[in-house]
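Please read this briefing with the sequence and the model side by side. It goes from the whole chain to its sheet, then to one helix and a few single residues.

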Amino acid sequence: MTDCIFYGGKGGVGKTTCAAATGLSLAAAGRETLVVSTDPAHSLADSFEADLGSEPTELERPPSLESDADAGDLWAVEIDPEARKERYEKLARALAADLRSAGIRLSDEEIERFFAAGAPAGSDEIAALDLLVEYVDAGRWDTVVFDTAPTGHTLRLFDMPEAMGLALETAQSLRGQARRIGNAARTAVFGPMSMMTGKDDEEESLETFRARLERAREILTDPGRTEFRVVLIPESMAISETERLVDRLREAGVAVDRLVVNRVLEDPHEGCPRCRSQQARHEKRLAEIRETFPDLEVVTLPDLEGEVQGRESLAVIADRLPT
């Protein structure tokens, strides 16, 4: 069974770094691992210092693991929402064509129900869910690590199965009305021979699509295989936003057991009053985080100079993250 680890939180807190570092740790521990970026502003390739595309790419092993037969392979991919956008637009076009041909006029409520899900405007989140199912059910990897988009995108991603399920329910009902009207008209003109046609491919696509979204929800809400780790920095606003995100995820049935507090100043320079003041402020915020989330494990990561890129820099973070 393939496990999933999601890293979420506001933009710029280090989710990509955490996801990449976790991927390194898992592979070193012998697990076949795929790291997936669902953030439209990709930076996973920069973290690994590798060329990545919209299909999983196997990364070269670091020298320390080249001779380790027990080490697992590490793969990475940056999801391209445009690559899948046409699929969802095709479903919408098929529905619209049926309605026009049958002369059906939608009520304001029906229109609102269908378009409330945001498709195809939300195609990045839809593609992420679709690929979640594909990667998990492929059986190729032991663990799939997701570098998710900033908080707002993340919430829409987890809302998508329910929202799209409702939209597709409406769409299928309307398609059924259109098909019945069209069939009655064809029968009146051509007789019984008009019904000797093949299966409706678009209707099958709608049903298959809905089933995949339900499968995504099943995976996301299975605490035995999926964990969501929220990344934040030791600042008051980040704590408040994290509290809202944790509450929202738990309402959706997603397991949150761990917080990762990034960029904590642990070893200030001697003779630097500003550094000591910042360290004291970070310690105060950490105490506030532990008090706000008493039931969550809190993992801290050091504030490193410069950007965390490349295997050596990621290794420092990897040593601090649980696998």
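The notes below begin with the basis of the values and then go through the chain by topic.

This is a predicted model, in which local features need pLDDT of at least 70 and side-chain atom pairs count only at pLDDT 80 or more, while totals for chains, interfaces and linings use all residues. Residues are numbered from 1 along each chain as its sequence is written, and side-chain values use heavy atoms, with hydrogens and water left out.

**The chain as a whole**

- The secondary structure of the protein chain comes to 10 helices and 8 strands, where helices (H or I, at least four residues) and strands (E, at least two) are DSSP runs numbered from the N terminus.
- Of the 323 residues in the protein chain, 48% are buried; buried means under 20% relative accessible area, exposed means over 50%, and partly exposed lies in between, with a 1.4 Å probe and protein chains only.
- Among the contacts in the protein chain with a separation of 6 or more, 80% are made by residues 24 or more positions apart, a contact being heavy atoms within 4.5 Å.
- The protein chain exposes about 16,000 Å², of which carbon and sulfur atoms supply 48%; these accessible areas come from the Shrake-Rupley method with a 1.4 Å probe, and for residues only the protein chains shown count as cover.

**The sheet**

- An open sheet of 8 strands has the order β3-β4-β2-β5-β1-β6-β7-β8, with mixed pairing, and two strands pair if DSSP finds at least two bridges between them.
- β3 and β8 stand at the edges with a single partner strand each, so one side of each is left without a neighbour in the sheet.
- Strand β2 (residues 33-37) runs parallel to strand β4 (residues 74-78) and is joined to it by 5 bridges; 5 bridges also join β2 to β5, and these two strands run parallel as well.
- T33 stands opposite L74 in β4 and opposite T143 in β5, while the bridge partner of L34 in β4 is W75.
- β2 is mostly covered, since 5 of its 5 residues are buried, and both of its faces are covered, with T33, V35 and S37 buried on one side and L34 and V36 buried on the other.

**Helix α9**

- Helix α9 (residues 273-292) has 20 residues, which at 1.5 Å a residue should span 28 Å, and its end C-alpha atoms are 29 Å apart, which agrees; the expected span is 1.5 Å times one less than the number of residues.
- The buried residues of α9 are C275, Q279, H282, R285, L286 and I289.
- Seen down the axis of α9, these buried residues fall within an arc of 125 degrees, so they line one face of the helix; the arc is that of the directions from the helix axis to the C-beta atoms.
- The buried residues of α9 pack against β6 (226-232), α8 (236-251), β7 and β8 (297-302), whereas P273, E283, K284 and E291 are exposed on the other side of α9.

- D3 is found in strand β1 (residues 3-8) and counts as partly exposed, at 23% relative accessibility.
- Leaving aside its neighbours within four places in sequence, D3 is in contact with R31, D142, T143, V144, G224 and R225; the C-alpha atoms of D3 and G224 are separated by 8.1 Å, although these residues are 221 residues apart along the chain.
- The side chain of D3 makes a polar contact with the side chain of R31 (3.3 Å), a polar contact being a pair of N or O atoms within 3.5 Å; within protein, one must be able to donate a hydrogen and the other to accept it, and residues adjacent in sequence count only if both atoms are side-chain atoms.
- T148 is found in the loop between β5 (143-147) and α6 (151-190), and with a relative accessible area of 2% T148 is buried.
- A polar atom of the side chain of T148 lies 2.6 Å from the backbone oxygen of Y7, and among the residues in contact with T148 beyond its neighbours within four places in sequence are F6, G8, K15 and D39.

**Residues with positive phi**

- Most residues other than glycine have a negative phi.
- E49, although not a glycine, has a positive phi of about 50 degrees; E49 lies in the loop between α2 (44-48) and β3 (57-58) and counts as exposed at 58% relative accessibility.
- R263, also not a glycine, has a positive phi of about 60 degrees; R263 is found in strand β7 (residues 258-264) and counts as partly exposed at 35% relative accessibility.
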